[in-house]
Amino acid sequence: MSDLNIISQFATAMLNAATLDDLLWAITKNIGETLGFDDCVIYLNDNNSLIQKAAFGIKNPKQHHLYNEITIPVGKGIVGYAAQSQTSEIVADTTIDHRYIWDEFSGKSELAVPIIYEGKTIGVIDSESSLKNAYSQNDMEILQIIANIAAPRIASAQYCSELKQTQLQLEKTNDKLYTSLQQLKENQEVLIQNEKMASVGLLAAGVAHEINNPLAFSISNVYFFKECIKDINNTHQKILEH
């Protein structure tokens, strides 16, 4: 397959990816299969930490599954150096390179290509081989072209993913706000009801006070009135007798 066909096939597969996750897995799969690599891993840069996100080969035992995901600080290892220097690099013999970081198998040679977007390293495409001097200058150039094509697509997918996460967070916040407003409304209704009951209580107390005063006066004078009635009856009887 010609270099142009490889790049065309890669671009087509990339366009068909719907999400960031699908895009990264499509990139590694197509690189591994079309370039005939034993291994291919994509790292994404997250606050100067390069995190493995997708792979082809030994780190991909089943579809969309990454075995033993590792994180490499920018500046550490061959991958970290490529991210920091923003320069593609072929290491013909990793056994004599002190930067080499062992992962799932001890690769004898390595190819690392940075993914750069708007002057920033957003990721790295890395491949290892069980053979020394397994990568050519042409492999590096093709992989760099692929990385350049993939960079804006990855950046766009990351933005969409972040936007979706923000939207979900906003929806959760809105749900919490709605729940809080409903609770506030219920509490307000309870307070209003309590205020009404308190007002009724004050009114009843006032009415009771107005009734109790004359009633108490009347009750307290009942005995006096009884004595008066006795005197009146006695006087009336005496008058009748005379």
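Modeller: Two strands pair if DSSP finds at least two bridges between them. Keep that in mind for this predicted model, starting with the hairpin of S5 and S6.

Colleague: How do you know that S5 and S6 pair?

Modeller: DSSP finds 9 bridges between S5 and S6, and at least two are needed, so the two strands pair. The sense is antiparallel. The hairpin has 2 residues between the strands, and in it Glu 118 takes a positive phi near 50°.

Colleague: What makes S1 and S6 a pair, and which way do they run?

Modeller: The test is the one I began with: at least two bridges. S1, residues 40-45, is joined to S6 by 4 bridges, and the strands run antiparallel. Tyr 43, for instance, has Val 124 as its bridge partner in S6.

Colleague: Why is S6 called mostly covered?

Modeller: Of its 10 residues, 120-129, 9 are buried. Buried here means under 20% relative accessible area.

Colleague: Back to Ser 109. Why does Ser 109 count as buried?

Modeller: Its relative accessibility is 0%, so Ser 109 counts as buried. The residue lies in strand S5. Leaving out residues up to four places away in sequence, Ser 109 touches a list that includes Val 91, Thr 94, Ser 127, Leu 131 and Ala 134.

Colleague: What makes polar contacts for the side chain of Ser 109, and how do you know?

Modeller: The cut-off is 3.5 Å between N or O atoms. The backbone oxygen of Leu 131 is 2.6 Å from a polar atom of the Ser 109 side chain, and the backbone nitrogen of Ala 134 is 3.4 Å from one. Both distances are within the cut-off, so both pairs qualify.

Colleague: And Asp 93, why is that one buried?

Modeller: Asp 93 has 17% relative accessibility, and the limit is 20%, so it counts as buried. It is found in the loop between strand S4 (89-91) and strand S5 (109-117). Asp 93 and Ser 109 are 16 residues apart in sequence, with their C-alphas 5.0 Å apart.

Colleague: What makes the Asp 93 and Lys 132 side chains a polar contact?

Modeller: The distance there is 3.5 Å, and the rule is within 3.5 Å, so the pair counts. Beyond four places in sequence, Asp 93 is in contact with Lys 108 and Lys 132.

Colleague: Let's do the other aspartate. Why does Asp 39 count as buried?

Modeller: At 4% relative accessibility, Asp 39 is under the 20% limit, so buried is the word. Asp 39 is found in the loop between H2 and S1. Among the residues it touches beyond four places in sequence are Phe 56, Phe 105 and Glu 128. The backbone nitrogen of Glu 128 lies 3.2 Å from a polar atom of the Asp 39 side chain.

Colleague: Why do you say H2 is largely enclosed?

Modeller: 12 of its 16 residues are buried, so the rest of the structure largely encloses H2. Trp 25, Asn 30 and Ile 31 are among those buried residues. As for length, H2 reaches 22 Å from its first C-alpha to its last, close to the 22 Å expected. Just after the helix, Gly 36 takes a positive phi of about 70°.

Colleague: What makes something a nonpolar core, and which residues have the most contacts inside the largest one?

Modeller: Members must be buried nonpolar residues joined through side-chain atoms within 4.5 Å. The largest such core has 44 residues, and those with the most contacts inside it are Ile 31, Tyr 43, Ile 125, Leu 143 and Ile 154. H2, S1, strand S2, helix H3, S5, S6 and H4 each give two or more residues. H4 gives the most, with 10 residues.

Colleague: How do you know what Leu 143 is in contact with?

Modeller: Contact means heavy atoms within 4.5 Å. Leaving aside neighbours within four places in sequence, Leu 143 is in contact with Ile 31, Leu 35, Phe 37, Leu 111, Val 113 and Ile 125.

Colleague: Last one: why does Gln 158 count as buried?

Modeller: Its relative accessibility is 18%, and the limit is 20%, so Gln 158 counts as buried. Gln 158 is found in helix H4 and, beyond four places in sequence, touches Leu 20, Leu 44 and Ile 122.

How values were computed
Residues are numbered from 1 along each chain as its sequence is written. This is a predicted model: local features need pLDDT of at least 70, side-chain atom pairs count only at pLDDT 80 or more; totals for chains, interfaces and linings use all residues. Side-chain values use heavy atoms; hydrogens and water are left out. Buried means under 20% relative accessible area, exposed over 50%, partly exposed in between (1.4 Å probe, protein chains only). A polar contact is a pair of N or O atoms within 3.5 Å; within protein, one must be able to donate a hydrogen and the other to accept it, and residues adjacent in sequence count only if both atoms are side-chain atoms. The expected span of a helix is 1.5 Å times one less than its number of residues.
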